[in-house]
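Hi,

Here is the structure I promised to pass on. Have a look at it first, and my notes follow below.

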Amino acid sequence: MAFELPQLPYAHNALEPNIDERTMQIHHTKHHQGYTNNLNAAIEGTDMEGKNIENILLNLDMDNKAVRNNGGGFYNHCLFWEVMTPKGGGTPSGAVADAITASFGSFDAFKETFATAAKTQFGSGWAFLCVHKDGSLDVCGCPNQDNPLMPGVGCGGTPILGIDVWEHAYYLNYQNRRPDYVSAFFNVINWDAVNARLAKA
Ligand code: MN
C-alpha cells in the first residue's frame, strides 16, 4: 500500500498569525505531496514496499538518496503537522515536562537549546527534540530531510518534536527572519501530541 499525504487536523489558516495560510497550503499540498509521491516511486518494486516509514528509515541505506530525501521528507512533515495546533503554546505538562526538566534543567533552558539548534542549522534542515531508550531527551539539528531515526544521523533518538527550518516553511511571511519564525513556532506547539509521541516511543 502506497504512502498517502495525511490530512491536517486543522485548517491551513488555523495557525495564523504564527504561520500564514499560503505557506501552510503550499507546504502541505505541494511540498509534502511531492515527498510522498517521490517516496512511493522510490520504493515501488523494492523490499521496502509495504513497510512502515519508521522501519524504512531505521534500516535505511544512506546512499539511497531518493528514499533518504523523500522518506525523510514524508516522515518529518507528518511529525511537523502533528506537533502543531492553533490551541498550542504555553508550557508542557505531564511526562514531557518532567523529562525536559530532568534532561535540560528547566523549560527555559530546553527552549534556548531547541531554538538555538533551529536558528543555527545552516541552510535547509530541521531541529528535533528526541527521546533516547533510557528516557532522556536530546536536541539535535539535521540537514535537508535527514532525521535521527536514520543510521548515524543526529543524536540517534526518536523524534517527538520537530521544526522545519527550510525557507519554504517561513519565507513568504518572515523572509530572512528565521529567529522570528522559530519564536512563533513555540506559540503553536501541541504539547499533548508531544506527550503522546513520548508515551509511544
Ligand atoms: Mn518542509
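A word on terms before the helices: axes are lines fitted to C-alpha atoms, for helices over the stretch in contact, and angles run from 0 to 180 degrees between N-to-C directions. Helices (H or I, at least four residues) are DSSP runs, numbered from the N terminus. This is a predicted model, where local features need pLDDT of at least 70 and side-chain atom pairs count only at pLDDT 80 or more, while totals for chains, interfaces and linings use all residues. Residues are numbered from 1 along each chain as its sequence is written, and side-chain values use heavy atoms, without hydrogens and water.

Now the helix pair. Helix α5 (residues 107-120) packs against helix α7 (residues 178-185) at an angle of about 145°, and their axes are 9 Å apart. In contact terms (heavy atoms within 4.5 Å), Phe114, Ala115, Ala118 and Lys119 of α5 meet Arg178, Pro179, Val182 and Phe185 of α7.

Phe114 also touches, among others beyond four places away in sequence, Leu161, Ile163 and Phe186.

Finally, the cysteines. A search of the whole structure for disulfides (cysteine sulfur atoms within 2.5 Å) finds 0. Cys130 is in none, and its nearest cysteine sulfur, that of Cys155, is 3.7 Å away. What about Cys155? Its sulfur is 3.6 Å from the closest cysteine sulfur, in Cys140, which is too far for a bond.

Enjoy exploring!

Conventions:
Helices (H or I, at least four residues) and strands (E, at least two) are DSSP runs, numbered from the N terminus.
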